[in-house]
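Here is a friendly briefing to read alongside the model. Take a look at the fold first, and then we can walk through a few of its packing details together.

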Amino acid sequence: MENKPISIEEYAAVLKENGINISVVGLFAWLRNNRYLHSRNGKEFNLPTQRSEKMGLFIVSGEKLKYPRITEKGQKYFFEKLLAGEKK
C-alpha cells in the first residue's frame, strides 16, 4: 500500500499487484454500491459520502474539478473488505 493518498485508478493497480483482480470501473462501482461514494448523478457523483470522509477513508483533491483520493487508512480498510469479498 502507498503512504500517501492515491487516486482510485492507482489503487486499482495496487490491488491487482496484491492479488485482487478488480478493474477501475469495477472498483468505482463497488465503492458506489457499498455507499463509500455518491451514486446519484450531479456534482457529487463519485465523490466520497460524508460518512466515508469522516471515517478518514478519502480526501477530495482539486478546486474546479474535484476527485476522490484514497488515504492510507482507506487503502488498508478497502483492501481488507475486498479481500474478504464483502458485498452489500
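Setting aside neighbours within four places in sequence, Thr71 is in contact (heavy atoms within 4.5 Å) with Pro5, Gly56, Leu57, Phe58 and Ile59. This is a predicted model, in which local features need pLDDT of at least 70 and side-chain atom pairs count only at pLDDT 80 or more, while totals for chains, interfaces and linings use all residues. Residues are numbered from 1 along each chain as its sequence is written, and side-chain values use heavy atoms, with hydrogens and water left out.

- Thr71 sits in the loop between E3 and H4; helices (H or I, at least four residues) and strands (E, at least two) are DSSP runs, numbered from the N terminus.
- With a relative accessible area of 13%, Thr71 is buried; buried means under 20% relative accessible area, exposed over 50% and partly exposed in between, with a 1.4 Å probe and protein chains only.
- Val60, in strand E2, counts as partly exposed at 33% relative accessibility.
- Leaving out neighbours within four places in sequence, Val60 has contacts with Leu47, Pro48, Glu53, Lys66 and Tyr67.
- Between Val60 and Pro5 there are 9.7 Å in space, C-alpha to C-alpha, although they are 55 residues apart in sequence.

**Helix H1**
- In H1 (residues 8-17), the residues Ile8, Tyr11, Ala12, Val14 and Leu15 are buried.
- They lie on the same side of H1, because they cover an arc of only 160° around the axis, taken from the directions from the helix axis to the C-beta atoms.
- The buried residues of H1 pack against strands E1 (6-7), E2 (58-61) and E3 (67-70) and helices H2 (24-33) and H4 (72-83).
- Gly19, which follows H1, has a positive phi near 90°.

- Not counting residues up to four places away in sequence, Leu31 touches Ile8, Tyr36, Leu37, Phe58 and Phe78.

**H2 against H4**
- The axes of H2 and H4, lines fitted to C-alpha atoms over the stretch in contact, with angles from 0 to 180 degrees between N-to-C directions, come within 13 Å and cross at roughly 95°.
- H2 and H4 are therefore roughly perpendicular to each other, a term for angles of 65 to 115 degrees.
- Leu27, Trp30 and Leu31 in H2 meet Phe78, Lys81 and Leu82 in H4.

Key. Parallel < 35°, antiparallel > 145°, perpendicular 65-115°, else oblique.
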